[in-house]
Structure formats: C-alpha cells, structure tokens
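Q: Hi! I've got a protein and its ligand open in my viewer, and I'd like to talk it through with you. Could we start at the ligand?

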Amino acid sequence: VLSYFDTHCRQSKLVATAAEHVIPGGVQHNLAFNYPHPLAIRAADGAYLSDLDGNRYIDFLQAGGATLLGANYRPVRERVQAVLAECGPVTGLLHEYEVKLAELVCRHVPSVEMFRMLGSGTEAVMAAIRLARAHTGRKWIVKMGGGYHGWSDQMVYGIRVPGTGRMDAAGIPRSAAARIQEGFPHDLHALRRRLQLNRLRGGTAAVIVEPFGPESGTRPVTAEFNGELRTLCDEFEVLLIFDEVVTGFRTGLSGAQGYFDVRPDLTVFGKCLTGGYPMSGGVGGQRDIMMNLAGGLGGSQKKVLVGGTLSANPLSCVAGYYSILEMEKTQAAQHAGRAGDRLCAGLTEIIDRLGLPYVAYNQGSIVHLQTSGVMLMDARNPFKLIKLVREAESRKRSMEEFGAAYCAHGLITLAGSRLYTSLADTDEVIDEALNRFEDV
Ligand code: PMP
C-alpha cells in the first residue's frame with residue numbers, strides 16, 4: 001500500500017508536503033484523508049475523482065455525503081454559473097432564489113413551515129438550539145451519546161475520540177456545555193428520568209438527535225425509536241430537533257422524518273441542501289417557533305439572533321434550488337439507495353465468502369463497513385445491535401490503514417468505514433468497486 005503512494009502519488013505528495021508548512025496538520029478539515037498523506041484532487045465528475053497524478057478513484061466519500069447527484073453535476077453547475085455571471089457571489093440583499101429554495105424545502109419536508117438558510121450544519125444546529133431555548137424559555141438540551149452535531153463549543157464538549165476515550169475538548173471551557181446533557185442512544189427510560197429531573201431544574205428546551213442514530217447511523221437506533229421519542233417529547237412538552245444534515249434529501253426528499261413518518265419541531269439541514277455547494281446549512285420548522293427569528297417584524301418579541309455575511313448568498317440558494325429540483329426529477333435518493341443496497345449486499349457476500357470478521361449494513365445510500373470489530377448487527381434487522389466487540393488495536397489506526405489500502409485500489413471512502421452512494425453510481429460502478437474491495 002505504501003509503495004503505491006510512493007510510486008503513483010508523487011504530485012500529491014509534493015502538494016501535501018508544501019501544505020504542512022502553511023496549514024496546521026496539512027489539511028483544512030478533518031474529512032480530508034491523510035494517511036500516509038492526503039491526495040490532491042484535480043478533477044471530479046460523477047462517480048469519479050482524479051488526483052494530480054492522474055489516478056482515478058471511485059468516490060464514496062462524496063464530500064461527507066453532500067454530493068447525492070454525483071460530483072460536479074452539470075445541470076446544477078450551469079445554473080450556478082449563470083447566476084454568478086449575472087449577479088456575482090453576494091450582494092447582501094434579497095435574491096429570488098432564497099425564496100424559491102425556502103418554498104421547495106417547505107414543500108418537501110412536511111414539518112417545515114418556515115425555513116432560514118445558514119452557512120453550515122454547525123451554524124444551523126446552533127440556531128436550532130437557540131430557537132428552542134428562546135421559544136420554551138428553558139435551558140437544558142439533551143443529545144444522544146456519540147452523535148455529531150458540528151463543532152460549536154456546546155456540541156463538541158464531551159465527544160470522545162473513538163478507540164481512545166480521550167476528550168476532544170481542548171480550548172472549550174466546561175461552562176460552554178454546562179446546559180448540554182448526553183443520553184444513551186436507545187435508552188428511552190433513562191431519557192424519561194432525565195426529563196423528569198430536568199423539570200425540577202428549569203426544564204428541558206429540546207432533545208436533538210440524528211434520526212438514523214448517532215454518527216449517521218454508526219450506532220443505529222431501532223426503527224421504533226423515533227416515534228417513541230416523539231411521544232416522550234410531547235409528554236414533557238420538549239421540542240424535538242432532528243439533525244438531518246446527513247439524512248436530509250439523501251434518504252428521500254422528505255428526509256429521515258418522511259422515512260420514519262415522525263414530525264420533529266425543528267429540523268437542521270446541510271450538505272445535500274445545496275447539492276454540495278458551499279455555505280450549506282439551514283433550519284426549519286413550525287411557524288410559531290421559527291417566527292422567533294423575525295423579532296419585531298410581525299413576530300414574537302423574542303428576537304433570536306442568527307447571521308452570516310455569506311448566509312443565503314445567491315450561489316448557495318440557486319445551487320440548492322436546482323439540486324433539489326434535479327433530485328426530484330431523477331429520483332436521486334431512490335437511485336442512490338438502490339446503489340447502496342447493491343454495494344452493501346456485495347460487501348456482505350465478500351465478507352461471508354472470505355470469512356472476514358467484519359460487518360456491512362446500510363440505510364439506503366449510507367453504507368457502513370465496520371472492519372475494526374466495534375459492533376456487529378443483526379443481519380435481518382440492521383437497526384438491531386446484537387454484539388459489541390472490543391479490539392486491542394485502536395479503531396483509528398485500523399481505519400487509517402484500511403483507508404490507505406482502499407485508496408491504493410482506487411476507492412475513496414469516509415475514514416475507511418463509511419461509504420455514500422450517489423445518482424452517478426450505476427450497477428457497473430458498484431460492481432467495479434466490489435472487485436476492488438475484494439482485492440483489498
Ligand atoms: N450534524 C451532522 C449529523 C453532521 O454529520 C455534520 C457534518 N458532518 C454536522 C452536523 C455539521 O455540519 P457542517 O460540517 O456543515 O458544519
């Protein structure tokens with residue numbers, strides 16, 4: 001694997017070495033694959049990425065799940081280029097595509113009556129929490145252990161680095177997360193007790209969850225979980241926030257809430273909202289809650305501040321509008337879901353035939369490949385966890401090594417353990433990928 005990088009990735013290595021001098025860690029964000037060094041990507045098209053050395057990879061990273069239509073999707077790119085040519089990137093004033101995008105999100109996601117565009121998933125989570133607190137007048141927020149909701153102080157504090165148990169909280173004062181609590185995924189009894197206790201201490205504003213389970217379903221929840229969670233939140237008059245940054249539009253135009261038929265009070269979007277174009281984030285929900293953002297302008301008196309110089313810029317909005325229209329037209333989520341099913345079935349077949357101690361499971365176009373023995377699932381019910389397996393070897397190292405081996409065989413994944421499929425993944429692409437996985 002390392003000799004592949006030595007012989008085939010010389011240009012990438014040059015860029016990666018230069019990067020180390022001016023960019024801490026040599027990469028700008030933690031998604032970038034960096035063992036033994038990052039690949040410098042030159043071109044992206046459909047299911048494929050090409051690096052500076054001319055190597056071609058099947059792209060299952062999809063920018064962390066953002067490019068459901070495939071990389072560099074032409075019909076959207078042309079619309080963005082047209083608005084760029086006419087109006088430039090930003091004016092700070094209203095553009096018609098802001099409204100068109102908001103109307104489209106409201107049309108597809110039944111719980112969303114009003115929508116506000118923001119700069120990222122992280123910002124949208126911050127806005128949702130602020131809205132929930134302002135609307136209810138309560139302080140406590142409960143999240144599920146292991147869930148990722150962006151990198152704001154309040155949401156990062158307490159996250160454990162997998163395999164090490166170390167807190168990833170340098171630079172974050174304990175007070176930043178003083179009103180955030182973590183619950184066990186699955187454990188609604190513990191959650192009930194927590195909500196009861198919180199009642200005596202000022203009350204819970206909201207419970208925030210990723211509807212497929214923490215870390216995009218890496219720790220899946222049962223299919224019934226979300227419905228029972230809704231009932232519990234109603235009982236305690238607590239707002240339910242769905243973080244659909246990954247699942248929004250990817251699991252269908254109405255997101256995971258449509259899939260589970262559960263209506264959250266607030267929903268957080270990102271990633272696929274703009275089809276992967278920059279500044280992708282948004283919060284939507286019930287009109288009376290969302291109107292707290294309007295303040296004196298015909299809304300309630302509780303003015304909740306959100307902002308962002310580049311939030312809702314014309315390029316993000318036109319990209320979002322046409323991405324969602326294209327997802328509608330092409331049935332992108334269904335297509336990508338079938339590709340995910342095919343990929344997962346093929347991986348499972350390889351795992352079984354070769355007797356590997358791994359497990360693959362998917363929720364449509366979100367495919368999990370656990371190679372470090374962290375968990376085993378019931379194959380007939382991917383939402384059911386049947387066995388937790390610990391390994392002496394750190395999970396991180398194993399994932400890095402797998403990630404590097406996949407690269408050397410022309411496959412880009414998210415940290416070696418998650419794969420997103422897209423509209424561009426035809427049967428031929430998936431079958432080619434499966435051959436490469438088998439080689440690894
Ligand atoms: N929530 C979830 C569930 C996510 O997966 C992510 C990003 N991976 C975020 C929030 C944060 O979004 P962003 O990276 O756009 O800030």
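A: Happy to, and keep in mind that this is a predicted model. There are 15 residues around the ligand, and those that come nearest are Ser-120, Gly-121, Thr-122, Gly-150 and Val-245.

Q: Which helix gives the most to the shell around the ligand?

A: That's helix H6, residues 121-136, with three residues in the shell.

Q: And how do the shell residues divide into nonpolar, polar and charged?

A: Nine are polar, four are nonpolar and two are charged.

Q: Staying with H6 for a second, I clicked on Ala-134, which is in that helix. Is Ala-134 buried, exposed or partly exposed, and why?

A: Ala-134 counts as partly exposed because 18 other C-beta atoms lie within 10 Å, while a buried residue needs 20 or more.

Q: How many Å separate the C-alpha atoms of Ala-134 and Ile-23?

A: They are separated by 38 Å, and along the chain the two residues are 111 apart.

Q: Let's zoom out. How many helices and strands are in the protein chain?

A: You'll find 16 helices and 16 strands. The chain has 440 residues, and 47% of them are buried.

Q: What about contacts between residues that are at least 6 apart in sequence?

A: Of those contacts, 71% join residues at least 24 apart.

Q: How is the chain divided into domains?

A: Domain 1 takes 2-72 plus 331-439, and domain 2 is 74-330. Where they meet, 26 residues of domain 1 are in contact with 28 residues of domain 2.

Q: Which elements give two or more residues to the domain 1 side?

A: Those are helix H3 (62-65), H14, strand S12 (366-370), strand S14 (381-388) and helix H15 (395-408). The largest share comes from S14, with four residues. By class, that side of domain 1 has 11 nonpolar, 11 polar and four charged residues.

Q: Is H13 mostly covered or mostly open?

A: Mostly covered, with 12 of its 17 residues buried. Among the buried ones are Pro-314, Leu-315, Tyr-321, Tyr-322 and Met-327.

Q: What covers the buried residues of H13?

A: The cover includes helix H4 (74-87), helix H5 (96-108), strand S4 (114-118) and helix H14 (332-354). Just after H13 you'll also see Gln-331, with a positive phi of about 55 degrees.

Q: Now H10, please. How many residues does it have, and what is its reach?

A: H10 covers residues 225-236, so 12 residues, and reaches 17 Å from first C-alpha to last, close to the expected 16 Å.

Q: Which residues of H10 are buried?

A: Phe-225, Asn-226, Leu-229, Arg-230 and Cys-233. They are on the same side of H10, because they cover an arc of only 135 degrees around the axis. On the other side, Thr-231, Asp-234 and Glu-235 are exposed.

Q: And what covers the buried residues of H10?

A: Helix H8 (188-199), strand S7 (204-209), strand S8 (239-243) and helix H11 (255-260) are included in that cover.

Q: Last one: which residue follows H10, and is its phi positive or negative?

A: Glu-237 follows H10, and its phi is positive, near 55 degrees.

Conventions: Residues are numbered from 1 along each chain as its sequence is written. This is a predicted model: local features need pLDDT of at least 70, side-chain atom pairs count only at pLDDT 80 or more; totals for chains, interfaces and linings use all residues. The expected span of a helix is 1.5 Å times one less than its number of residues. The arc is that of the directions from the helix axis to the C-beta atoms. Two residues are in contact if their C-beta atoms, placed from the backbone, lie within 7 Å. A residue is near a molecule or strand if its C-beta atom, placed from the backbone, lies within 6 Å of it. Ala, Val, Leu, Ile, Met, Phe, Trp, Tyr, Cys and Pro count as nonpolar, Asp, Glu, Lys and Arg as charged, and the others, Gly among them, as polar. Domain bounds come from an automatic or database domain assignment.
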